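Please keep the sequence and the 3D view at hand while reading.

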Amino acid sequence: MAEKADKAQDSKLERARKIAARKLDFLRHFTIYAVVMAVLAIINNTTWRGYQWWLWPALGWGIGVVAHFLSAYVNQGGSLEKRMIQRELERMQDEE
Amino acid sequence: MKSRRSWVDFVGPVLGVAAMAMVAFSLVYLLGIRPFYRGASYRAVPGAVSAAGWVRDEASRRFDGPFERLEIKNVSGPVRIEGWSESSIEVSYVKEARSAQALEEFEIRMQPQGTTLAVQPLYGRLSGTQFGPVAFEIRVPPSVREIKAGSVSGHIVVENLPADVDQELESVSGRIETGRTRGLKARSVSGPVRFTSTGGTIEVNTTSGRVSGRILSLERGDSVEVGSISGTVELEAFAGLDAAVTLQSVSGSIACDFPLQLTEQRRNRLEGVIGGGSVPLTVKTVSGRIRLERAD
């Protein structure tokens with residue numbers, strides 16, 4: 001029994017680690033995105049104020065950043081996965 | 001009770017929303033450029049700013065004089081030419097630009113030279129992406145005998161003119177539509193051409209645009225020549241057509257409703273005479289379908 005509890009604790013810890021790592025990865029990703037875009041916007045507007053070409057990379061990379069945000073904060077092994085794990089655990093306990 | 005949430009849980013969603021806003025803003029700006037605009041808005045509120053940040057200006061000028069020829073060269077935007085009973089030419093336009101400065105530099109030149117009025121947009125020193133489309137609406141008097149109109153990316157529509165006006169119309173990607181013409185030269189790359197003709201010399205060429213024409217009359221000395229690479233050609237001619245017909249398509253189908261005295265018939269070529277064969281009528285395509293219909 002104690003071994004099972006240890007395993008469950010380890011798995012929770014592992015999951016918590018993964019979620020925290022994803023969130024920090026997203027923050028790093030966003031920071032790099034913001035810095036690079038700011039540099040491109042400055043180059044664009046100091047050399048020539050006309051067409052805002054830096055918005056093309058901002059759009060493409062921005063879609064990637066949004067996807068990263070969704071995977072880190074919205075779909076983080078969310079409620080469906082939790083419910084399914086809970087159900088499996090209950091089933092296993094019933095079998096025993 | 002101590003909160004279990006760290007600053008990362010608060011800052012993350014804020015940055016996520018900021019990234020979404022950046023994507024949405026980029027989309028609005030980049031789609032708002034409209035490099036291939038062919039819309040047909042002739043009416044606009046002067047000085048109004050559209051959703052994508054375009055500034056508009058509308059103006060109208062009249063030119064008095066016995067004009068016989070109108071020449072207009074547009075780059076982006078529709079051109080509509082209409083006949084009216086007054087003796088002057090009226091040019092109305094709506095021009096668009098990215099900023100008030102660009103709008104000021106965006107000049108519409110209207111130059112009367114003898115009996116010809118030439119109209120043309122002139123772009124300033126700023127980058128081309130600063131200038132938007134110009135929509136023209138021009139009213140011409142019955143004295144005008146010749147019209148030459150071109151637009152790279154815009155529809156050209158001519159209507160309500162007397163039947164004896166020669167027209168030369170050219171567009172790359174816009175539609176060409178003329179209500180009633182005598183001599184017609186129309187060229188288009190991808191836009192369709194639709195015409196109604198009362199005779200004269202008809203020359204229509206497209207690359208992939210469909211050609212639909214109604215021929216109301218033809219006399220000795222007139223001619224019809226239509227060519228297309230992949231566009232379908234459909235001509236409807238009056239019942240008393242008197243023509244030497246050549247219909248040729250490399251891979252498209254050929255159909256003719258008129259009783260044809262055949263002089264040559266091959267898989268991809270039909271040659272014959274309708275009536276006395278006084279007017280040459282030639283249609284040639286590479287892969288486009290050809291149909292010569294008889295009007296009831």
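A residue counts as buried under 20% relative accessible area, as exposed over 50%, and as partly exposed in between. These terms are applied here to a predicted model. B:Glu219, for example, has a relative accessibility of 47%, so this residue is partly exposed.

Another salt bridge crosses between chains. B:Asp9 and A:Lys23 form it, their closest N and O atoms being 2.4 Å apart. The pair runs from helix α1 (residues 7–31) of chain B, which holds B:Asp9, to helix α1 (residues 2–47) of chain A, which holds A:Lys23. B:Asp9 is buried, because its relative accessibility is 17%. A:Lys23 has 12% relative accessibility and is therefore buried as well.

Next come strands of chain B. Strand β21 (residues 269–274) pairs with strand β18 (residues 243–249) through six bridges, and the two run antiparallel. Within this pairing, B:Thr246 is the residue opposite B:Glu271 of β21(B). Strand β20 (residues 261–266) of chain B also pairs with β21(B), again in the antiparallel sense, over five bridges. Here B:Gln261 faces B:Val273 in β21(B) as its opposite residue. A hairpin is formed by β20(B) and β21(B), with two residues between the strands.

In a regular strand, side chains alternate between the two faces of the sheet. Which residue meets B:Arg266 in a salt bridge? The partner is B:Glu264, at 2.6 Å from N to O. B:Glu264 has a relative accessibility of 25%, so this residue is partly exposed.

Salt bridges with shared partners also build one network out of B:Arg62, B:Arg80, B:Glu82, B:Glu86, B:Glu90, B:Glu137, B:Arg139 and B:Glu159. Over all chains, a search of the whole structure finds 28 salt bridges.

Definitions and conventions: Residues are numbered from 1 along each chain as its sequence is written. Chains are lettered from A and ligands numbered from 1 in the order in which they are written. This is a predicted model: local features need pLDDT of at least 70, side-chain atom pairs count only at pLDDT 80 or more; totals for chains, interfaces and linings use all residues. Side-chain values use heavy atoms; hydrogens and water are left out. Two strands pair if DSSP finds at least two bridges between them. Helices (H or I, at least four residues) and strands (E, at least two) are DSSP runs, numbered from the N terminus. A salt bridge is a side-chain nitrogen of Lys or Arg within 4 Å of a carboxyl oxygen of Asp or Glu. Buried means under 20% relative accessible area, exposed over 50%, partly exposed in between (1.4 Å probe, protein chains only).
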